Amino acid sequence: MSSQLSASISLSKRLAAEPLTSTVGNVNIIGISDNNREPVCYLPYLFEFTNKYRPNNAIGQYEGLAAILLAMEHLNTGNGIIVPELDGIDQRCPLKFTTKAFDTGGQQRMGIDHAMALTDRNRSRTRKLLPSAILGAASSSVSIPTSIISGLRGFPQISPISTSSILDDKSQFKLFGRTIPNDDGTAVPLVEKLTSWNVEHIAVLHIDNTYGNAFATAISLEAQRGNTPGLDVETVDIAPDADDRKISFAIQRLKETKFTYFFAVVLSDELVDRIMTEAYNQGIAGTGRHTWLFSDGIGTTVIGEICQISGLPFDSQQRTTYKINFLWSQTVTFQLVRRWRGRIGEQVRPSHRH
């Protein structure tokens with residue numbers, strides 16, 4: 001990618017050699033001489049790059065950063081190959097864009113520390129770039145406190161994936177925005193898709209946190225609306241750090257519903273592995289009758305992974321499972337995810353009610 005990011009790399013080198021000289025609002029001005037000054041838009045990226053001090057790539061952490069860098073490169077060079085309107089924009093607008101990534105670890109404390117430091121307007125006195133806006137965070141539990149801080153200090157904050165409806169309150173989160181529907185909105189396409197499949201019953205397994213609880217509630221409420229009659233929703237919660245005993249108990253509760261459709265709202269790929277292994281062991285996955293779907297929380301590390309249970313690898317050609325991604329337009333894209341190869345999470349296109 002470095003060959004495609006030459007302008008961004010050059011800008012980073014210049015920022016290191018010619019530190020900030022002044023600011024205009026939230027825009028940084030670099031350069032010593034009048035004919036060499038350049039406005040710079042600094043957009044720091046807060047995201048959960050680690051989880052419990054282990055690398056984490058659940059939903060686009062590193063892909064997201066790569067996309068930001070590519071977008072900035074196209075803005076800085078006037079490259080319109082993806083967005084035609086950007087063609088030649090570098091000749092019409094002198095503003096340049098740069099970023100830096102900060103790991104929140106999914107923890108409020110780490111996110112708050114970064115937000116406090118980044119939004120300190122005394123940064124310019126120490127020649128540090130002032131954010132024009134903050135990108136992130138990932139989880140709503142981190143975006144909620146950090147966006148209060150950034151908003152009070154006059155900095156917009158834009159999250160690509162925080163979906164809590166709490167963040168809709170503009171009296172609290174005056175400068176917060178997002179490029180994804182809230183939990184109420186993301187439940188709409190799921191329920192519509194299940195209804196189009198003539199599904200009558202679904203059990204929702206969700207992590208017991210802000211994201212999981214709100215999503216599960218939104219699914220239940222959407223299913224109760226008059227335009228989706230007949231969809232019965234049961235919810236089962238599970239701790240984000242659940243041990244094997246708690247996972248077994250949660251799967252047992254799912255099994256007791258006697259449903260054949262399950263929707264999992266989880267964030268950790270490792271937790272997905274353990275959940276699906278237990279589901280297989282208890283006979284509600286890989287049976288030819290059960291369908292598992294997943295929220296946007298599972299990551300790209302899931303795709304293409306081969307899983308073994310009791311040392312027996314599954315035939316990679318027999319079965320697939322669905323992953324659901326919710327797009328900004330509140331439509332649903334289904335991707336075949338080759339996982340638990342051959343047995344778990346059957347691909348089912350229902351033509352009758354379950």
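This is a predicted model: local features need pLDDT of at least 70, side-chain atom pairs count only at pLDDT 80 or more; totals for chains, interfaces and linings use all residues.
User: How are two packed helices described, and what are the values for H4 and H5?

Analyst: Two packed helices are described by the angle between their axes and the distance between those axes. Here helix H4 covers residues 108-118 and helix H5 covers residues 140-152. Their axes come within 9 Å and cross at roughly 25°. Angles under 35 degrees count as roughly parallel, so H4 is roughly parallel to H5.

User: Is the crossing of H4 and H5 left-handed or right-handed?

Analyst: The crossing of H4 and H5 is right-handed.

User: Which residues make the contact?

Analyst: H4 contributes Gln-108, Gly-111, Ile-112, Ala-115 and Met-116. From H5 come Ser-141, Val-142, Pro-145, Thr-146 and Ile-149. By type, the residues of this contact between H4 and H5 are six nonpolar and four polar, with no charged residue.

User: What are the values for H6 and H7?

Analyst: The axes of helix H6 (residues 183-196) and H7 come within 8 Å, and they cross at roughly 55°. That angle makes H6 oblique to H7. The crossing is right-handed.

User: Which residues of H6 and H7 meet?

Analyst: On H6 they are Asp-183, Asp-184, Thr-186, Ala-187, Val-188, Leu-190 and Val-191. On H7 they are Tyr-211, Ala-214, Phe-215, Ala-218, Ile-219, Glu-222 and Ala-223. The residues of the contact of H6 with H7 divide into ten nonpolar, one polar and three charged.

User: Now the sheet. In what order do the strands lie, and is the pairing parallel or antiparallel?

Analyst: The order is S13-S12-S14-S15, four strands in an open sheet, and the pairing is parallel.

User: Which strands are at the edges?

Analyst: Strand S13 (232-238) and strand S15 (291-294) are the edge strands, since each pairs on one side only. From one strand to the next, the twist averages 20°.

User: How many bridges join S12 to S13?

Analyst: Seven bridges join strand S12, residues 201-207, to S13, and the two run parallel. As a point to find in the structure, Leu-205 stands opposite Val-236 in S13.

Methods
Residues are numbered from 1 along each chain as its sequence is written. Side-chain values use heavy atoms; hydrogens and water are left out. Axes are lines fitted to C-alpha atoms, for helices over the stretch in contact, and angles run from 0 to 180 degrees between N-to-C directions. Angles under 35 degrees count as roughly parallel, over 145 as roughly antiparallel, 65 to 115 as roughly perpendicular and the rest as oblique. A crossing is left-handed if the near helix is turned anticlockwise from the far one by less than a right angle, and right-handed if clockwise. Contact means heavy atoms within 4.5 Å. Ala, Val, Leu, Ile, Met, Phe, Trp, Tyr, Cys and Pro count as nonpolar, Asp, Glu, Lys and Arg as charged, and the others, Gly among them, as polar. Two strands pair if DSSP finds at least two bridges between them.
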